[in-house]
Amino acid sequence: MDYKNLKYKITNDGDRGLCCGACGRQDRQLNTYDWLGDVPGNTEDTDLVEVQFKNTRKAYYHNVNNLELKKGDWVAVEANPGHDIGVVTLTGRLVKLQVKKANLKGPDDIRRIYRIAKEVDMQKYKEAKGREHATMIESRQIAKNLGLQMKIGDVEYQGDCNKAIFYYIADERVDFRQLIKDLAATFHVRIEMKQIGARQEAGRIGGTGPCGRELCCATWMKSFSSVSTNAARFQDISLNPQKLAGMCAKLKCCLNYEVDNYMEAGKRFPNKETILQTIDSDYYQFKTDILAGLITYSTDKRMAANLETITAERAQEIIAMNKNGEKPDSLQPDDMQKESDRPIDLLANESLTRFDRAKKKKKNRNKQNSSKQSAPQSQQQGQNRQQEPQQGQPRQQVEGQRKPKNRNNDRRNNDNRGGRNDYHNNAPQ
(Lines give C-alpha, C1' and ligand atoms only; values in the text may rest on other atoms or scores of the structure.)
Protein backbone atom coordinates (compact mmCIF):
# COMPACT_ATOMS: atom_id res chain seq x y z
CA MET A 1 0.00 0.00 0.00
CA ASP A 2 1.27 3.44 -0.91
CA TYR A 3 1.13 5.24 2.44
CA LYS A 4 2.76 8.41 1.12
CA ASN A 5 -0.03 9.19 -1.34
CA LEU A 6 -2.81 7.91 0.90
CA LYS A 7 -5.63 10.42 1.36
CA TYR A 8 -7.08 10.57 4.85
CA LYS A 9 -10.72 11.47 5.34
CA ILE A 10 -12.01 13.12 8.50
CA THR A 11 -15.29 11.58 9.60
CA ASN A 12 -18.33 13.75 10.16
CA ASP A 13 -19.11 12.11 13.47
CA GLY A 14 -15.98 13.16 15.30
CA ASP A 15 -12.39 12.52 16.18
CA ARG A 16 -10.18 12.75 19.31
CA GLY A 17 -10.44 8.99 19.70
CA LEU A 18 -14.09 8.75 20.76
CA CYS A 19 -16.02 8.32 17.50
CA CYS A 20 -19.26 6.33 17.70
CA GLY A 21 -21.83 7.46 15.17
CA ALA A 22 -23.70 10.55 16.24
CA CYS A 23 -22.87 9.97 19.91
CA GLY A 24 -19.13 10.55 19.77
CA ARG A 25 -16.83 13.41 20.63
CA GLN A 26 -16.05 15.65 17.68
CA ASP A 27 -13.76 18.52 16.72
CA ARG A 28 -16.29 21.06 17.96
CA GLN A 29 -16.56 22.82 21.28
CA LEU A 30 -19.54 22.38 23.61
CA ASN A 31 -20.36 19.02 22.11
CA THR A 32 -23.60 17.37 23.28
CA TYR A 33 -23.69 13.61 23.77
CA ASP A 34 -26.63 12.42 21.67
CA TRP A 35 -27.62 9.25 23.51
CA LEU A 36 -30.79 9.02 21.37
CA GLY A 37 -28.90 9.19 18.09
CA ASP A 38 -29.41 5.52 17.18
CA VAL A 39 -33.09 5.33 18.25
CA PRO A 40 -35.46 4.82 15.29
CA GLY A 41 -37.72 7.79 14.65
CA ASN A 42 -35.64 10.19 16.72
CA THR A 43 -35.57 12.91 14.06
CA GLU A 44 -39.27 12.57 13.24
CA ASP A 45 -40.51 14.05 16.51
CA THR A 46 -39.23 17.55 15.80
CA ASP A 47 -37.75 19.60 13.00
CA LEU A 48 -35.43 21.55 15.31
CA VAL A 49 -31.73 21.34 14.53
CA GLU A 50 -28.76 22.65 16.49
CA VAL A 51 -26.14 24.39 14.34
CA GLN A 52 -22.74 25.51 15.61
CA PHE A 53 -20.55 28.24 14.17
CA LYS A 54 -17.09 29.42 15.17
CA ASN A 55 -15.89 28.26 18.59
CA THR A 56 -18.77 28.19 21.10
CA ARG A 57 -21.47 30.11 19.18
CA LYS A 58 -24.58 28.00 18.63
CA ALA A 59 -28.07 28.62 17.28
CA TYR A 60 -31.26 26.62 16.67
CA TYR A 61 -33.16 26.41 13.37
CA HIS A 62 -36.25 24.78 11.84
CA ASN A 63 -35.72 22.21 9.12
CA VAL A 64 -38.66 23.47 7.09
CA ASN A 65 -37.52 21.76 3.88
CA ASN A 66 -37.33 18.32 5.58
CA LEU A 67 -33.70 17.83 4.62
CA GLU A 68 -32.01 14.58 5.68
CA LEU A 69 -29.51 16.06 8.08
CA LYS A 70 -27.11 14.28 10.31
CA LYS A 71 -24.39 15.32 12.69
CA GLY A 72 -21.49 16.93 10.81
CA ASP A 73 -23.36 18.27 7.78
CA TRP A 74 -22.57 21.81 6.61
CA VAL A 75 -25.70 23.87 6.04
CA ALA A 76 -26.63 27.39 4.94
CA VAL A 77 -28.98 29.02 7.45
CA GLU A 78 -30.94 32.24 7.63
CA ALA A 79 -29.12 35.31 8.95
CA ASN A 80 -29.66 39.05 9.14
CA PRO A 81 -28.66 40.10 6.56
CA GLY A 82 -27.89 37.30 4.10
CA HIS A 83 -27.06 33.77 5.15
CA ASP A 84 -24.51 32.05 7.37
CA ILE A 85 -22.65 28.75 7.15
CA GLY A 86 -22.54 26.32 10.08
CA VAL A 87 -22.28 22.65 10.94
CA VAL A 88 -25.06 20.46 12.36
CA THR A 89 -24.16 19.26 15.88
CA LEU A 90 -27.45 17.83 17.17
CA THR A 91 -30.78 16.58 15.80
CA GLY A 92 -33.87 14.95 17.27
CA ARG A 93 -35.53 15.08 20.65
CA LEU A 94 -32.59 16.42 22.62
CA VAL A 95 -32.74 19.68 20.69
CA LYS A 96 -35.94 20.59 22.55
CA LEU A 97 -34.12 20.35 25.85
CA GLN A 98 -31.26 22.46 24.49
CA VAL A 99 -33.73 25.14 23.40
CA LYS A 100 -35.17 25.34 26.91
CA LYS A 101 -31.68 25.58 28.37
CA ALA A 102 -30.83 28.42 25.97
CA ASN A 103 -33.85 30.44 27.24
CA LEU A 104 -35.15 31.34 23.79
CA LYS A 105 -38.20 33.50 24.44
CA GLY A 106 -40.09 33.67 21.14
CA PRO A 107 -40.39 31.86 17.82
CA ASP A 108 -38.55 34.73 16.14
CA ASP A 109 -35.35 33.55 17.76
CA ILE A 110 -35.58 30.27 15.86
CA ARG A 111 -34.96 30.75 12.14
CA ARG A 112 -34.84 28.25 9.30
CA ILE A 113 -32.32 26.22 7.35
CA TYR A 114 -32.04 27.06 3.65
CA ARG A 115 -30.07 24.16 2.19
CA ILE A 116 -27.06 21.96 2.53
CA ALA A 117 -23.98 24.05 1.79
CA LYS A 118 -22.76 23.93 -1.80
CA GLU A 119 -19.20 24.15 -3.09
CA VAL A 120 -19.61 27.86 -3.85
CA ASP A 121 -20.85 28.47 -0.31
CA MET A 122 -17.85 26.64 1.17
CA GLN A 123 -15.34 28.60 -0.93
CA LYS A 124 -16.81 31.90 0.20
CA TYR A 125 -16.89 30.62 3.79
CA LYS A 126 -13.17 29.74 3.67
CA GLU A 127 -12.42 33.16 2.20
CA ALA A 128 -14.24 34.81 5.10
CA LYS A 129 -12.38 32.73 7.67
CA GLY A 130 -9.06 33.67 6.11
CA ARG A 131 -9.71 37.37 6.81
CA GLU A 132 -10.50 37.02 10.52
CA HIS A 133 -7.02 37.07 12.03
CA ALA A 134 -5.79 40.08 10.04
CA THR A 135 -9.02 41.93 10.85
CA MET A 136 -8.57 41.30 14.57
CA ILE A 137 -5.00 42.66 14.59
CA GLU A 138 -5.95 45.79 12.66
CA SER A 139 -9.06 46.43 14.77
CA ARG A 140 -6.97 46.30 17.93
CA GLN A 141 -4.71 49.00 16.54
CA ILE A 142 -7.73 51.17 15.66
CA ALA A 143 -9.14 50.81 19.19
CA LYS A 144 -5.75 51.69 20.65
CA ASN A 145 -5.49 54.84 18.55
CA LEU A 146 -8.92 55.92 19.80
CA GLY A 147 -7.78 55.42 23.42
CA LEU A 148 -10.53 52.94 24.29
CA GLN A 149 -10.04 50.76 27.37
CA MET A 150 -11.09 47.51 25.73
CA LYS A 151 -9.58 44.35 24.29
CA ILE A 152 -10.85 42.80 21.08
CA GLY A 153 -10.40 39.09 21.69
CA ASP A 154 -11.89 37.53 18.55
CA VAL A 155 -13.48 38.37 15.21
CA GLU A 156 -16.01 36.19 13.37
CA TYR A 157 -17.11 36.79 9.80
CA GLN A 158 -20.50 35.67 8.57
CA GLY A 159 -20.50 32.94 5.94
CA ASP A 160 -21.39 35.32 3.11
CA CYS A 161 -18.87 38.03 4.23
CA ASN A 162 -21.62 40.61 4.77
CA LYS A 163 -21.18 41.00 8.52
CA ALA A 164 -18.43 40.68 11.12
CA ILE A 165 -18.89 40.12 14.87
CA PHE A 166 -16.25 41.68 17.15
CA TYR A 167 -15.97 40.08 20.60
CA TYR A 168 -14.39 42.39 23.16
CA ILE A 169 -13.62 42.52 26.89
CA ALA A 170 -13.90 45.69 28.96
CA ASP A 171 -13.98 46.33 32.70
CA GLU A 172 -16.00 49.53 32.32
CA ARG A 173 -18.57 50.85 29.92
CA VAL A 174 -17.04 51.81 26.57
CA ASP A 175 -18.37 54.33 24.03
CA PHE A 176 -17.44 52.61 20.77
CA ARG A 177 -19.63 54.61 18.37
CA GLN A 178 -16.60 56.14 16.66
CA LEU A 179 -14.93 52.72 16.64
CA ILE A 180 -17.86 51.21 14.68
CA LYS A 181 -17.61 53.97 12.07
CA ASP A 182 -13.87 53.44 11.65
CA LEU A 183 -14.23 49.65 11.43
CA ALA A 184 -17.03 49.89 8.86
CA ALA A 185 -14.99 52.31 6.74
CA THR A 186 -11.92 50.08 6.94
CA PHE A 187 -13.41 46.60 6.31
CA HIS A 188 -16.59 47.55 4.34
CA VAL A 189 -18.84 45.12 6.21
CA ARG A 190 -21.64 45.42 8.72
CA ILE A 191 -20.21 45.65 12.26
CA GLU A 192 -21.66 43.99 15.38
CA MET A 193 -20.00 44.46 18.79
CA LYS A 194 -20.55 41.80 21.44
CA GLN A 195 -19.15 42.04 24.96
CA ILE A 196 -18.01 38.85 26.68
CA GLY A 197 -16.33 38.03 29.98
CA ALA A 198 -12.96 36.48 30.74
CA ARG A 199 -14.50 33.01 31.09
CA GLN A 200 -16.32 33.26 27.77
CA GLU A 201 -13.07 34.32 26.13
CA ALA A 202 -11.24 31.31 27.58
CA GLY A 203 -14.03 29.08 26.30
CA ARG A 204 -13.78 30.49 22.78
CA ILE A 205 -10.00 30.19 22.66
CA GLY A 206 -9.86 26.79 24.39
CA GLY A 207 -6.88 25.15 26.01
CA THR A 208 -5.78 22.63 28.61
CA GLY A 209 -6.33 23.14 32.31
CA PRO A 210 -3.97 22.24 35.18
CA CYS A 211 -5.82 18.92 35.53
CA GLY A 212 -4.53 17.87 32.10
CA ARG A 213 -7.93 17.92 30.41
CA GLU A 214 -9.61 20.42 28.09
CA LEU A 215 -11.20 23.43 29.69
CA CYS A 216 -14.74 22.85 30.93
CA CYS A 217 -15.89 26.14 29.40
CA ALA A 218 -14.69 24.91 26.00
CA THR A 219 -16.15 21.41 26.15
CA TRP A 220 -19.50 21.30 27.95
CA MET A 221 -20.13 24.27 30.26
CA LYS A 222 -22.57 26.86 28.90
CA SER A 223 -23.72 28.81 31.95
CA PHE A 224 -21.22 30.29 34.39
CA SER A 225 -22.10 30.63 38.07
CA SER A 226 -20.19 32.85 40.46
CA VAL A 227 -17.28 31.26 42.37
CA SER A 228 -16.10 32.55 45.76
CA THR A 229 -13.25 31.69 48.07
CA ASN A 230 -15.72 30.16 50.52
CA ALA A 231 -15.86 27.13 48.24
CA ALA A 232 -12.11 26.64 48.80
CA ARG A 233 -12.48 27.07 52.56
CA PHE A 234 -15.18 24.42 52.81
CA GLN A 235 -12.90 21.96 50.99
CA ASP A 236 -9.81 22.83 53.06
CA ILE A 237 -7.93 24.05 50.00
CA SER A 238 -5.00 26.41 50.45
CA LEU A 239 -6.00 29.97 49.60
CA ASN A 240 -3.21 30.43 47.09
CA PRO A 241 -4.32 32.75 44.25
CA GLN A 242 -1.93 31.13 41.77
CA LYS A 243 -3.40 27.66 42.37
CA LEU A 244 -7.03 28.74 42.62
CA ALA A 245 -6.99 30.76 39.38
CA GLY A 246 -7.72 29.15 36.04
CA MET A 247 -6.67 29.99 32.49
CA CYS A 248 -8.99 33.00 32.52
CA ALA A 249 -7.27 34.46 35.63
CA LYS A 250 -10.52 33.96 37.57
CA LEU A 251 -11.37 31.40 40.24
CA LYS A 252 -11.68 27.91 38.79
CA CYS A 253 -15.22 26.81 38.00
CA CYS A 254 -14.42 23.32 39.30
CA LEU A 255 -14.32 24.68 42.86
CA ASN A 256 -18.13 24.56 42.80
CA TYR A 257 -18.36 20.94 41.63
CA GLU A 258 -17.90 19.22 45.00
CA VAL A 259 -18.57 22.01 47.47
CA ASP A 260 -22.12 20.72 48.15
CA ASN A 261 -20.80 17.30 49.16
CA TYR A 262 -18.25 18.89 51.48
CA MET A 263 -20.90 21.09 53.08
CA GLU A 264 -23.15 18.08 53.62
CA ALA A 265 -20.33 16.01 55.12
CA GLY A 266 -19.20 18.93 57.30
CA LYS A 267 -22.48 18.92 59.18
CA ARG A 268 -21.35 15.78 61.04
CA PHE A 269 -18.30 17.59 62.45
CA PRO A 270 -18.36 19.63 65.67
CA ASN A 271 -17.65 23.33 65.74
CA LYS A 272 -14.00 24.35 65.36
CA GLU A 273 -14.11 26.39 68.56
CA THR A 274 -15.27 23.45 70.68
CA ILE A 275 -12.66 22.28 73.22
CA LEU A 276 -12.44 18.61 74.20
CA GLN A 277 -11.61 18.13 77.89
CA THR A 278 -9.87 15.04 79.24
CA ILE A 279 -8.35 14.20 82.61
CA ASP A 280 -4.86 15.00 81.34
CA SER A 281 -5.42 18.21 79.35
CA ASP A 282 -7.64 20.14 76.97
CA TYR A 283 -7.56 19.54 73.21
CA TYR A 284 -8.13 22.05 70.42
CA GLN A 285 -9.12 21.25 66.85
CA PHE A 286 -6.03 21.33 64.60
CA LYS A 287 -7.20 19.98 61.21
CA THR A 288 -9.98 17.90 59.67
CA ASP A 289 -10.30 15.35 56.91
CA ILE A 290 -13.92 15.77 55.85
CA LEU A 291 -14.15 12.92 53.36
CA ALA A 292 -12.46 10.44 55.72
CA GLY A 293 -14.45 11.69 58.73
CA LEU A 294 -11.34 12.26 60.90
CA ILE A 295 -10.39 15.15 63.17
CA THR A 296 -6.93 15.90 64.56
CA TYR A 297 -6.69 17.65 67.94
CA SER A 298 -3.71 19.35 69.60
CA THR A 299 -3.03 20.30 73.19
CA ASP A 300 -1.74 23.68 72.03
CA LYS A 301 -4.14 26.13 70.41
CA ARG A 302 -1.56 27.71 68.10
CA MET A 303 0.77 24.87 67.14
CA ALA A 304 0.90 21.10 66.72
CA ALA A 305 1.59 19.40 70.07
CA ASN A 306 0.61 15.90 71.20
CA LEU A 307 -1.61 15.36 68.18
CA GLU A 308 -4.50 12.93 68.50
CA THR A 309 -6.63 11.82 65.53
CA ILE A 310 -10.15 10.56 66.21
CA THR A 311 -13.37 10.12 64.29
CA ALA A 312 -16.18 12.68 64.21
CA GLU A 313 -18.46 10.29 66.13
CA ARG A 314 -15.89 9.95 68.93
CA ALA A 315 -15.58 13.74 69.12
CA GLN A 316 -19.35 14.06 69.51
CA GLU A 317 -19.29 11.47 72.31
CA ILE A 318 -16.60 13.39 74.22
CA ILE A 319 -18.52 16.65 73.80
CA ALA A 320 -21.63 15.00 75.25
CA MET A 321 -19.55 13.67 78.18
CA ASN A 322 -18.11 17.12 78.87
CA LYS A 323 -21.58 18.60 78.95
CA ASN A 324 -22.53 16.08 81.65
CA GLY A 325 -19.42 16.98 83.66
CA GLU A 326 -17.47 13.84 82.75
CA LYS A 327 -13.94 13.70 81.40
CA PRO A 328 -12.53 10.62 79.65
CA ASP A 329 -9.01 9.37 80.27
CA SER A 330 -7.98 10.14 76.68
CA LEU A 331 -9.46 11.01 73.33
CA GLN A 332 -9.04 7.48 72.02
CA PRO A 333 -11.73 4.89 72.84
CA ASP A 334 -11.10 2.42 75.66
CA ASP A 335 -10.40 -0.44 73.25
CA MET A 336 -7.91 1.67 71.26
CA GLN A 337 -5.75 3.23 73.93
CA LYS A 338 -2.62 4.71 72.48
CA GLU A 339 0.65 3.40 73.86
CA SER A 340 2.78 5.97 75.64
CA ASP A 341 5.69 7.17 73.59
CA ARG A 342 8.88 6.51 75.59
CA PRO A 343 12.22 8.02 74.63
CA ILE A 344 14.58 5.54 72.98
CA ASP A 345 17.93 5.01 74.77
CA LEU A 346 20.51 4.53 72.05
CA LEU A 347 23.25 3.45 74.57
CA ALA A 348 21.14 0.97 76.49
CA ASN A 349 23.15 -2.08 75.34
CA GLU A 350 26.48 -0.36 74.77
CA SER A 351 29.50 0.22 77.00
CA LEU A 352 30.88 3.65 77.61
CA THR A 353 34.46 2.35 77.45
CA ARG A 354 34.12 0.69 74.04
CA PHE A 355 36.17 3.42 72.40
CA ASP A 356 38.97 3.18 75.01
CA ARG A 357 39.70 -0.42 74.09
CA ALA A 358 40.23 0.50 70.50
CA LYS A 359 42.68 3.22 71.52
CA LYS A 360 44.73 0.76 73.62
CA LYS A 361 44.96 -1.64 70.70
CA LYS A 362 46.14 1.15 68.44
CA LYS A 363 48.82 2.14 70.97
CA ASN A 364 50.13 -1.45 71.21
CA ARG A 365 50.28 -1.70 67.44
CA ASN A 366 52.18 1.58 67.21
CA LYS A 367 54.74 0.35 69.79
CA GLN A 368 55.33 -2.88 67.89
CA ASN A 369 55.82 -1.05 64.61
CA SER A 370 58.24 1.42 66.18
CA SER A 371 60.27 -1.37 67.79
CA LYS A 372 60.59 -3.17 64.44
CA GLN A 373 61.80 -0.02 62.74
CA SER A 374 64.31 0.87 65.49
CA ALA A 375 65.86 -2.67 65.67
CA PRO A 376 68.27 -2.34 62.67
CA GLN A 377 69.26 1.16 63.73
CA SER A 378 70.19 -0.04 67.22
CA GLN A 379 72.45 -2.79 65.77
CA GLN A 380 74.45 -0.27 63.73
CA GLN A 381 74.88 2.06 66.68
CA GLY A 382 75.65 -0.73 69.15
CA GLN A 383 79.42 -0.56 68.60
CA ASN A 384 79.64 3.11 69.52
CA ARG A 385 77.59 2.77 72.67
CA GLN A 386 79.08 2.20 76.10
CA GLN A 387 78.51 -0.92 78.07
CA GLU A 388 75.02 -1.34 79.53
CA PRO A 389 74.74 -0.77 83.29
CA GLN A 390 74.11 -3.61 85.63
CA GLN A 391 70.81 -4.49 87.11
CA GLY A 392 69.71 -2.29 89.96
CA GLN A 393 71.16 0.92 88.60
CA PRO A 394 68.80 3.89 88.50
CA ARG A 395 67.15 4.90 85.21
CA GLN A 396 68.84 8.30 85.35
CA GLN A 397 72.22 6.70 84.84
CA VAL A 398 71.01 4.68 81.91
CA GLU A 399 69.63 7.75 80.18
CA GLY A 400 72.92 9.53 80.80
CA GLN A 401 74.92 6.70 79.24
CA ARG A 402 72.71 6.59 76.12
CA LYS A 403 73.69 10.18 75.26
CA PRO A 404 77.48 10.24 75.13
CA LYS A 405 77.63 12.99 72.50
CA ASN A 406 77.35 15.91 74.92
CA ARG A 407 78.57 15.04 78.39
CA ASN A 408 78.28 18.57 79.67
CA ASN A 409 74.53 18.55 79.09
CA ASP A 410 74.25 15.16 80.79
CA ARG A 411 76.10 16.39 83.84
CA ARG A 412 73.89 19.47 84.07
CA ASN A 413 70.81 17.28 83.90
CA ASN A 414 72.11 15.02 86.61
CA ASP A 415 72.95 17.99 88.78
CA ASN A 416 69.42 19.24 88.45
CA ARG A 417 68.06 15.85 89.36
CA GLY A 418 70.28 15.65 92.42
CA GLY A 419 72.26 12.64 91.13
CA ARG A 420 75.72 14.11 90.25
CA ASN A 421 77.64 12.19 92.97
CA ASP A 422 75.89 8.94 92.05
CA TYR A 423 76.95 9.30 88.45
CA HIS A 424 80.67 9.63 89.34
CA ASN A 425 80.62 6.89 91.94
CA ASN A 426 78.64 4.32 89.92
CA ALA A 427 79.94 5.11 86.47
CA PRO A 428 81.33 2.07 84.61
CA GLN A 429 85.17 1.69 84.47
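This is a predicted model: local features need pLDDT of at least 70, side-chain atom pairs count only at pLDDT 80 or more; totals for chains, interfaces and linings use all residues.

Leaving aside its neighbours within four places in sequence, which residues is Ile 196 in contact with? They are Tyr 167, Tyr 168, Ile 169, Glu 201 and Arg 204. Ile 196 sits in the loop that runs between strand 8 and helix 5, residues 198-205. Despite the loop position, Ile 196 counts as buried, because its relative accessibility is 16% and the cut-off for buried is under 20%. One of its contacts, Ile 169, is 27 residues away along the chain, and the two C-alpha atoms are separated by 5.7 Å.

Now the overall picture. The chain has 429 residues, and 34% of them are buried. It contains 14 helices and 12 strands. If you take the contacts between residues at least 6 apart in sequence, 56% of them join residues at least 24 apart.

Next, a helix pair. Helix 3 covers residues 132-145 and helix 4 covers residues 177-187; their axes come within 10 Å and cross at roughly 140 degrees. That angle makes helix 3 oblique to helix 4. For those who care about the sense of the crossing, it is right-handed. On the helix 3 side the residues involved are Thr 135, Glu 138, Ser 139, Ile 142 and Ala 143, and they meet Leu 179, Asp 182, Leu 183, Thr 186 and Phe 187 of helix 4. By class, the residues of this contact are five nonpolar, three polar and two charged.

How many residues does the largest nonpolar core have? It has 22, and the ones with the most contacts inside it are Met 150, Ile 152, Phe 166, Leu 179, Leu 183 and Met 193. At least two residues of this core come from each of helix 3, strand 6 (151-157), strand 7 (163-169), helix 4 and strand 8 (190-195). Beyond its neighbours within four places in sequence, Leu 183 is in contact with Ser 139, Ile 142, Phe 166, His 188, Ile 191 and Met 193. There is also a second, separate core, of 14 residues; among them are Ala 265, Phe 269, Ala 312 and Ala 315.

Is His 188 buried or exposed? It counts as exposed, because its relative accessibility is 68% and the cut-off for exposed is over 50%. His 188 is placed in the loop between helix 4 and strand 8. Its phi is positive, about 60 degrees, although the residue is not a glycine.

Asn 66 also has a positive phi, near 55 degrees, and is likewise a residue other than glycine. This one is found in the loop between strand 2 and strand 3, and at 65% relative accessibility Asn 66 counts as exposed.

Lys 71 is placed in the loop between strand 2 (58-62) and strand 3 (74-78). Here the relative accessible area is 5%, so Lys 71 is buried. Lys 71 and Thr 89 are 18 residues apart in sequence, and 5.1 Å apart from C-alpha to C-alpha.

Pro 81 is in the loop between strand 3 and strand 4, residues 83-91.

The last stop is around strand 12. Asn 306 lies in the loop between strand 11 (294-298) and strand 12. At 57% relative accessibility, Asn 306 counts as exposed. Setting aside neighbours within four places in sequence, Asn 306 is in contact with Tyr 283, Tyr 297, Ser 298 and Thr 299. For Tyr 283, the separation from Asn 306 is 23 residues in sequence and 9.2 Å in space, C-alpha to C-alpha.

Glu 308 is in strand 12, which covers residues 308-311. With a relative accessible area of 14%, Glu 308 is buried. The C-alpha atoms of Glu 308 and Gln 332 are separated by 7.9 Å, and the two residues are 24 apart along the chain.

That is what I wanted to show.

Terms used
Residues are numbered from 1 along each chain as its sequence is written. Side-chain values use heavy atoms; hydrogens and water are left out. Axes are lines fitted to C-alpha atoms, for helices over the stretch in contact, and angles run from 0 to 180 degrees between N-to-C directions. Helices (H or I, at least four residues) and strands (E, at least two) are DSSP runs, numbered from the N terminus. Angles under 35 degrees count as roughly parallel, over 145 as roughly antiparallel, 65 to 115 as roughly perpendicular and the rest as oblique. A crossing is left-handed if the near helix is turned anticlockwise from the far one by less than a right angle, and right-handed if clockwise. Contact means heavy atoms within 4.5 Å. Ala, Val, Leu, Ile, Met, Phe, Trp, Tyr, Cys and Pro count as nonpolar, Asp, Glu, Lys and Arg as charged, and the others, Gly among them, as polar. A nonpolar core is a set of buried Ala, Val, Leu, Ile, Met, Phe, Trp, Tyr and Cys residues joined through side-chain atoms within 4.5 Å. Buried means under 20% relative accessible area, exposed over 50%, partly exposed in between (1.4 Å probe, protein chains only).
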